Structure formats: structure tokens, C-alpha cells
Protein chains: 2
Amino acid sequence: MTQTLDAPETTETPDASAVATAWLDDLEAALSARDVPAAARLFASESYWRDLVSFSWNITTVEGREGVEHLLEQTLAGTDPSGFALDEPADEADGVVTAWFVFETAVGRGRGLLRLVEEDGERRAFTFLTTLYELKGHEEPRNEHRPRGAEHGADKSRQTWLERRQEEAESLGSTTQPYVLVIGGGQGGIALGARLRQLGVPSLVIDKHPRPGDQWRNRYKSLCLHDPVWYDHLPYLKFPDNWPVFAPKDKIGDWLESYTKIMEVPYWSSTTATSASYSEETGEWTVEVEREGRPLTLRPTQVVFATGMSGKPNIPDVPGTDVFEGDLHHSSAHPGPDAYRGKKVVVIGSNNSAFDICGALWENDVDVTMVQRSSTHIVKSDSLMEIGLGDLYSERAVKAGVTTEKADLIFASLPYRILHTFQIPAYEAMAEKDKDFYERLEAAGFDHDWGDDGSGLFMKYLRRGSGYYIDVGAADLVANGDVKLVKGQIDHLTRDAVVLADGTELPADVVVMATGYGSMNGWVADLIDQETADRLGKVWGLGSDTTKDPGPWEGEQRNMWKPTQIDNLWMHGGNLHQSRHYSLYLALQLKARFEGIDTPVYGLQEVHHTS
Amino acid sequence: MTQTLDAPETTETPDASAVATAWLDDLEAALSARDVPAAARLFASESYWRDLVSFSWNITTVEGREGVEHLLEQTLAGTDPSGFALDEPADEADGVVTAWFVFETAVGRGRGLLRLVEEDGERRAFTFLTTLYELKGHEEPRNEHRPRGAEHGADKSRQTWLERRQEEAESLGSTTQPYVLVIGGGQGGIALGARLRQLGVPSLVIDKHPRPGDQWRNRYKSLCLHDPVWYDHLPYLKFPDNWPVFAPKDKIGDWLESYTKIMEVPYWSSTTATSASYSEETGEWTVEVEREGRPLTLRPTQVVFATGMSGKPNIPDVPGTDVFEGDLHHSSAHPGPDAYRGKKVVVIGSNNSAFDICGALWENDVDVTMVQRSSTHIVKSDSLMEIGLGDLYSERAVKAGVTTEKADLIFASLPYRILHTFQIPAYEAMAEKDKDFYERLEAAGFDHDWGDDGSGLFMKYLRRGSGYYIDVGAADLVANGDVKLVKGQIDHLTRDAVVLADGTELPADVVVMATGYGSMNGWVADLIDQETADRLGKVWGLGSDTTKDPGPWEGEQRNMWKPTQIDNLWMHGGNLHQSRHYSLYLALQLKARFEGIDTPVYGLQEVHHTS
């Protein structure tokens, strides 16, 4: 969701490749000689090295030559990197050489993306992305390594695929234990489950719903994905090319269910984890679960929370909820408009869920009022697609050779520290393009913002995971008054109304609390205990010191997809893009531990906030 | 399953492209001028023009200049072809210029493959493949034309995807009628159903089994596909790259079930057609079906039989089946070996099913005897993969840019008339490679052949659909005597034995009739009547005048995927490759009729054999 550093009119020149190759050769020479200062001198004074698991066994970004030195001092000997080479011809545009490269470490193979700028007459790295994609000796069984399937020859102990699958299903959780237990089987848990399956890590994904995909099916009926199809592929199996741009929720639900089956993800539906505790002594978790109502104890080595990056529903403590006689629920439990035709509904909140719910209610002849408590950022879906995503995730990008996998790496190569500077112009362009729209919103009294620094939607998503609406039509209902807009804070509820701090009384048969979600470590408090949740700390956000994302600067998303202060506990999730891309690095970290590969973590996350 | 005319060491030269472009320009000039003799002169004295629906509204091959003239005289004005142009640079190798091209007709867009040879100092067409891939104004909603999914804006009459799907499911067959009824929901019916769905042709696929994929699940438990994954993709959604080379039957079953759902194929399980009749007057079929036991009348305009290219099980009329006290069944009803441990089983037949069943029985400690009634052709699966398919359908081919879609067209471009000449060397190579194997088979008394003209397995498949085994291991069991081999004809059954014509008595608890299948028009006789089946004539085969494929030469597979002597009745099926590739041409023929586009058929199939 960003403009990229790569202008579309890049040209491929032999020079760019020679420049990039020379730089990679210099890097390799310095690294081979274990000459950390020489390696650091190859980086520009402003520079960012982002590593996904290949050097750091972490997800981390270091800054400047000092950062490079710090990273290398601690990781170089163990990593033993080598074989840096271009993966395809390099590009040069606007004085920046961009190069895709591959490399090896002692235990794995990696690929990366390098951007060189000129500084003091030399070509130096401005951004340097290194990522691990496979572990040596543990390559995924794909393409030429795919399984054979049929076992040719005659064998009296032959077991068929179905028999093996059945035996595995019967033994899992009774005579065999998963090495990894993934709690939560939405897109995040499923994508990770598929990767772990491919890597041969014994795993189990559990989810409370009756079927994979119910996480989507159970939401309000008009819901469609807000991100377009090119951004949403899962690993291994892409949506077919007739897939809708914005898939309806039931279609995504069906896809997830089919995907789980096709990828042979070990998945228990109708299963809830009720408690978990970790034994330092045995290095094992004890997780109590209820599977279709039957209690059962699991003893995984690793536990992954994939319970939704939005965390637990945040329901404000409003006086009078006990006297309110209507229907009161959080947006996550909203059943859709069908039952409310002709009624009065007050929706508290003005972000994505609030707008989607208001829109669907209005379409069903409900008298609906939105209560805006604080300012919200809105972008029109079409503008976001065109200006925000088009270079990386679109039919145009695919045609230009930017596959989803490539787009993910390009996107990953943009340092979080300066990401907002690339975002701001995109949102300025949207503000200009949709000027009339924003004027109408403002005229209707809507309190609109562009983020603390004008960097728009995607930075809000990364920083706080809230505070915006991708407009698919409901904003116009607010602008034209079809959905009534009221601004203010909730004071209390009466028997049949919402009362605001200024005394305004809003009659209500139904109140929908579209009041957002807490930090994901709330799930940890529930399942393990508050002490563990506090030690884990806040999940999500960058430490940008903007609204709802307090500093200090963290460099990466807090606690996501990487080692945490809690041994053998991991957090996974995010949108479909993140579930796809970061599940790879989480899966490789888990695989390495499963195989007993040494995984010294560089720069383990510190905790600055507990929620 | 063939060597191709394209040697792998082709080189791309500007000359080849210039030569091909000049030829296409000459063709276009001749066709624009409606100068049929000039067009025919562009073809070599030995030449083959194969057209898939674009000129002929048929699947047809014409031979030599005379054939070209005949085709053009009847089709040129109506087709109004134009815009012949290279689709990518042409290749030249061994004096043959090979060129991919595109073109248009009055109603559609096509692509083709051209091979030019030198004759009398001129470049002339040796093979010329023309295929229709879409109808103008009816392009498939894919890629940039994919559906939007979310309907932005606010709309009080909004219907969700799920509501539309439910409404469609409820009305289909009651208040709305399918334009096309596809009888049989295996890979053929499903692939066609998916294409018709994409093309917006109201259709319904019915199948007797409880779930899509049961056609595979219900077969003997050790069954895996005999063709490799690259050959087996369905349209639109390819197998993921971790898919086994030879997929186990239950995994394919699950894939077909997921695919049906993902592609939104209208599919009724547990549904049997009990009778069908066509009214010339109304132009409608009346098809009586039982859906989950409930009788129902359907009134489609078109009926497609996709009941399996193998046709109805062929059970020889053996005296004594009434006195035999054991378990007697056709191979298509064989449940697998589990119930037969320790018993004596006699398998009549020595083709694919017979070998697979014997192998699985032996693995389960069954005393098993194979009765060979006539000679069989065997190739080892690995050799077939490597020598027979590797250039077109393999990881190697994919890496060389030969996508499945391209491979299908290359394969389709090889004229059936001379296909055996390309096949013979491949099978000679296999005979040499696996010499020891064939010697061992012979030493065990097995009666082996390479086809009437030594052209091997794939020609047997195209000509008669039988007479071979792709060895995945069971042949060795016969060679080493683990599976007992007896040669001869069945004379009769006793209470507990099979008696051969020479008096040999084979004690049997179980007799499996692996005795093959009849022509597909047997299904037509059952559902409609014998008179219609006879008018339709034999299905499958080329008229090669070889065993079980009587002449005269037909030029194409009899009655498959193209208009037949019976109005509005179509035959569809074959392996996964054929189900994928030919479903496109059948779907386009049906779509054109649905849209009322004129479809004058060139060279309607004549009937020379009734079964």
C-alpha cells in the first residue's frame, strides 16, 4: 500500500548490473574477511538494513553504519554469509541502482533487494533487504522436489495417502503431539499451517468456529474484502484469475475452507483453548482445549497466537448498559441488518466497521445514526487501488512482471522509519483527486484527518490498526445525511436511548459498539495470565509516537512474527498480505527450532508498553 | 504424450519471424481477396490444417491443398478472417519455421501454430493449427475483466453474493432451466461446467455420486493418476506446485470437490438421469432425473454426455455366472483388496485396471491370477514421463516457457494422420531403455505388443482407448510370478472356478472382470434409445483401421467435443488433459448457440459404425 522507490520508467543497463555486482562483491569480500568496518563503509550515512530472519533470526531493521556494525558484530560469524550474486539484471533510475540478489548463509538460502545511491563519489547502500527463504537440507517439496504421489513398485506394507491422512488425524493430539499449536484458524493461522505442513513441522491449527472460513462468513452480510485480489493471495495457491477484485466474505470463507483441505492443513474446528501454561523445565506448553465440547490436553513446544491482529473487542464501560432494554453488541458480533428493518440503530464509532454496518443498515431501511467520537481518515477504495497499490498489486503490476512474491519483497524493503515519506505524496494525490468528496464530508460536519503526519491509511494501519475507513460507498450516506451523523462522547445509556456528554439523547432500539479492539496480548492474558501478557507487552505498532502508537521507536511491528520476551510464544496475524508474507519467516523460525538448528536472536524486542 | 516437431535446440532468428510474417501476410491477402486457390498454394503438397472451431464450427483436419480449398470454399465468407500476426518471435530448426500467431474472425478471436517447410524453393505450410479462444463481446471475466465483487455505493436493493448464489440454486431446475445439461460430473463434466459458468451459459452438471470427486474416491484404494501433474491441470485453477506428480485418487477427489465449489459450477450430486427425449418442434430436451430420490423434469436445450469416455462396463456373457458362488464384479466396481485377504482371486484381463487391481491384491496377501486374453502393451511410467511427455508436460517444459496452455496447442497441432510417425521413435527409445524389463516379461510368458504399427500407448489411447498398462510396479509381479499369469479365453464358470477354453480350471473365490468398456453411445442407448445411439454412431477412435478402430479414416476423434448427427447432443470426456483442453472448444460452441451466433458446421461427422 505504497508508492515505491522504483519509478515505473526504470531502464535496465549493463552499467547498473556492473555497479550492483561490484557492490555485492565488495560486501562479500568484507564479510568473508570478517571486516565489519569495511562492510559498514559500503552503506550510506543514511541507510537501512532490514533483515528477515537470515542474519538476525529476527525481524529487524538497523540504521546507518553504526547499526550495520552492531548487527554484523553480533551475527556475522554465526551467519557465515556467502554467494552474493545478482538474481536478474539490475535497474537504474533517478540515480538509484536497484538490484535483486541471492545469497547463502551457513544454514540457509536467501534473497534480497538492494538500492544503491551515490555518496562521496561512491555507490553505497541506501536500503538493503536480506531475507531467508529456505533452510539447507529442508527445502520445500515443490516443483522438481514435489512428492511423487504414487509409490511405484509393489509393497505389502503400502499405505495409501488416505490411510496416512486418517492415521495422522487419529493420532494427532492423542498419541502424537503437535510441535506447533496455532490458536486461531483465520487466514493467518491457515497460511502458517500450510507453510508448516510444507516444511514438515508437526502442527495443529485450532479454531472455535465449526468450519474454516466462518471467521468471515459470520460477519455482516454485505462485507467484502477492502483490499484487492492481487494483495490477498495465500501462499502456494493463488486465486484463479476470475476471482473478484474485492471478494465477498462468503466466497473468501469458502476459499479458506477449500484451501485448508487442499493444503492438508491439520485443522480442528469447533475447538477452543481454555488455558495454557509453559514449563521451563520440560520446555513444553500444557494447553487445555475443548474439541467439540470434549476436554483434551495438548502439549506443544511452540504456541502461536493467530487470534486476530485486531485483538479482543474493546467495549467501553458505559453506565446504563444494564438498564438499556434494546439490543447492544460489539461490531464484531453484529449479525447484519436483516432483523433491524424499521428500527432505530445507533452505531458508536466512525471507522471501517461502523461505516460498513451503517451502510448495510441504511440499505435495509433502518433509521441509523453514527456517533463520531474522534476524527477518522477516509480514502475512496478506487483511489487507494489506483494510487496506493497499483504499482505493486494490480493487473498492471502483474503484467509488468511484478509477481505477488516480488511485490511483497519490494514492499518489505521500504524501511518503516521513512515509509511515511513515501506515503504522504500518495495521499496528497488522493486528496486532490477526490477533493469534492472531502468537501462534501466536511460540509456534513464529519471530522476527517489524514493521520498525524498526513501519511494516510497504511501508516495508520501499521501504527495503530485503526482510525480509518476505506470507502466503498457508505461515506456518501453520511455526507448526504441518509445516515445521521452526531459528534460527541457517550455519557450513558437509558432504557431506550444513548445519551451523549452534551446531553443529546439518541433514541435507540439497537446500539452497535463499533469501538475497536485492544492489543493482541489481551488474548494472552485470557489464556495464560496477566503477568505473561504484561511481560509480552503491547502487540502491533511501530513506536512512531503518533496517536495510539506511543514511542520509543521500535523499528518493526511490535512482537509480530518474531521472538518475544516469552519463550516459545509467537504472535501472528494481520491482513491477507501479511498473513501470506510473514508466515514464511515465522514458519522458518519454527522449523529451525524444530530441527534443532541454532537460532541466536539478534536484538530481541524490548517491552515499553503493556497494552 | 509425444515427441514434438520442435527440437529443443531451436534458435530464434529474425529471419524466422520475417519468413513467418511474410507467409501470414500472403495468407491474409489471399483470404481477404477471397482467392481460395492462392491461399491453397501457400500449403505444401503434404500439409494439414487443423481447425478447432474458428473456421469450421467443428473440430476438423483437412489435408493437402485440395483439403484447404474445400474448407475455405465452404467457410471463408462466413468466417471473414483477418489480423493474422505473430504472437511472439518465430523459431527455426531443422529447416522448419515454427510460429505462434493470432487472428480474428467475424465473431471471435483465435490463435494458432504454423510450421513452414521449404518446397520448390518456397516456404509453405506443413501444419497449420487454427483455434478459437473467445467470442467477441463475450470475453471471459478474467484478469482485467474480472468481476469487481464488492458493489461500491449504497443500494437498497443490494443482493449479496451468497444471496445470489442461494437464489440461483433454488430456482435452477424449477423456475429456471439450464441451457446446457451436462450428464456426468467427473473431471470432464466439471471442467466443462466451469467453462460454461465463466461464459455465462446457464448450465447444470448432474452426477449420481454423493459428492464431486467420488468418481475417483470410489475406485480401488491404491489408485493414483497414471499421468503426471503437468498434464492434469484443470482450466483456470492450476494445482499448486507442491502437488504430487501422480496424485492419489482421494486427493484428486478432494480437489475436484473443492474446484467445483471454487469455480461455482452448478452441480447436483446424487442425481441420476433416467430418460431423455428431444423435441424437434420445441428444440428442447425433456430429461427425467431423480435428485436425491425425488423425480424431476429438466428441459435443457443442449445435452452433453460426460459419462466417461470409457463408456459402459463391458461384461462378457460367460456361461456359469449364475452358478458361480463367489464374488463376481466388473473392474469398475472393484472395491479394493481389503475384503479378499487370504482368498483366491482371478482377474480376467491384462490392461491398466487388471494390473492395478492385481498389484493391490498381491500387496494384501491375496492369491491372485491374471488371465491374459490378448496381447497388451506396457510402458514403464518413468520412461513415459521422460521420453513421451517431458518436452511438453514436465517441470523442464514449464521452466522452458512451455506452459500447459502452450503444450496443449503444440500437441493439438500435430495431425492425427501422421502422429504415429512421431510416436514410433519414442517407443523405440523406451524399448531400448527398458530392454531388460521387456525380456523378463516375455520370459514370464506375457504376450506383449507395441500397437499394430509400433506407435505405442498414446495412439492406442486415441484409437481404441484400451490395450495398455502404464506400469507403476505391478508388471514386475507378473514377470516374477508373484501374480500368476495364465493365457487363454474364458469358457465358463463353475461353482468355484473359472474354466478356460483349453480346460484349465482356476479355483476362484472372487472373479474380477477387467474386461474393458464399450463405446460411449451405449449411454445414449440407455438414456434415449437404441435408434438414437445408432444414428450417433461409435464414439472415440480415429478410423485408423487398426485393432478395435475400424476405418475409414475419420481425421478426428469420432463424435468427441463437436457436433454430432444428433441435434443438440454432445459427447465430452477423456483424460484430464482432454477434459481441460477440449472443454474450451465445446464450451465456445455451446456459448455461440446460446447467444444465437450463426454456427454453420463444416464437415459434419459421418457415421460408419454403430459401436
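Student: Let's start with a salt bridge. Which residue forms a salt bridge with A:Lys380?

Tutor: A:Asp471 does. The closest N and O atoms of the two are 3.2 Å apart. Keep in mind that this is a predicted model.

Student: Where do A:Lys380 and A:Asp471 lie?

Tutor: A:Lys380 lies in strand 19 (residues 377–380) of chain A, and A:Asp471 in strand 20 (residues 468–471) of chain A.

Student: Is A:Asp471 buried or exposed?

Tutor: A:Asp471 is buried, because its relative accessible area is 3%, and buried means under 20%. A:Lys380 is partly exposed, at 22%.

Student: How many salt bridges are there over all chains?

Tutor: A search of the whole structure finds 98. Across the interface of chain A and chain B there are 14.

Student: Give me one that crosses. What does A:Lys251 meet in a salt bridge?

Tutor: The side chain of A:Lys251 meets that of B:Glu264, at 2.6 Å from N to O. A:Lys251 is in helix 7 of chain A. B:Glu264 is in the loop between helix 7 (249–262) and strand 11 (267–268) of chain B. Both A:Lys251 and B:Glu264 are buried.

Student: And what about A:Arg142? What is its salt-bridge partner?

Tutor: B:Asp241. Their closest N and O atoms are 2.9 Å apart.

Student: Why can side chains like that pair?

Tutor: Side chains of opposite charge can pair when their charged atoms come close.

Student: Why do the copies meet through the same surface?

Tutor: Because 100% of the interface residues of chain A are also interface residues in chain B.

Student: What rotation superposes chain A on chain B?

Tutor: A rotation of 180°, with 0.0 Å of shift along its axis. The RMSD is 0.0 Å. That is the relation of a two-fold axis.

Student: Which residue of chain A comes closest to that axis?

Tutor: A:Ser258, with its C-alpha at 2.7 Å from the rotation axis.

Student: New topic. I clicked on A:Leu24. Where is it found?

Tutor: A:Leu24 is in helix 1 (residues 14–32) of chain A. A:Leu24 is buried, with a relative accessible area of 0%.

Student: What does A:Leu24 touch?

Tutor: Leaving out residues up to four places away in sequence, A:Leu24 touches A:Phe84, A:Ala85, A:Leu86, A:Phe101 and A:Leu114.

Student: How far is A:Leu24 from A:Phe246 in space?

Tutor: They are 41 Å apart, C-alpha to C-alpha. In sequence, 222 residues separate them.

Student: Now the backbone. Which residues does a cis peptide bond join in chain A?

Tutor: A:Gly551 and A:Pro552, with omega about 5°. A:Pro552 lies in the loop between helix 17 (530–536) and strand 26 (569–571) of chain A. In chain B, a cis peptide bond joins B:Gly551 and B:Pro552, also with omega about 5°.

Student: What is phi of B:Asp120?

Tutor: About 50°, a positive value although B:Asp120 is not a glycine. B:Asp120 sits in the loop between strand 7 (108–119) and strand 8 (122–135) of chain B. B:Asp120 is exposed, at 65% relative accessible area.

Student: And where is B:Glu292 found?

Tutor: B:Glu292 is in the loop between strand 13 (284–291) and strand 14 (294–298) of chain B. Phi of B:Glu292 is positive too, near 45°. At 63% relative accessibility, B:Glu292 counts as exposed.

Conventions: Residues are numbered from 1 along each chain as its sequence is written. Chains are lettered from A and ligands numbered from 1 in the order in which they are written. This is a predicted model: local features need pLDDT of at least 70, side-chain atom pairs count only at pLDDT 80 or more; totals for chains, interfaces and linings use all residues. Side-chain values use heavy atoms; hydrogens and water are left out. Copies are superposed by least squares on the C-alpha atoms of residues with pLDDT of at least 70 in both. Contact means heavy atoms within 4.5 Å. A salt bridge is a side-chain nitrogen of Lys or Arg within 4 Å of a carboxyl oxygen of Asp or Glu. Helices (H or I, at least four residues) and strands (E, at least two) are DSSP runs, numbered from the N terminus. Buried means under 20% relative accessible area, exposed over 50%, partly exposed in between (1.4 Å probe, protein chains only).
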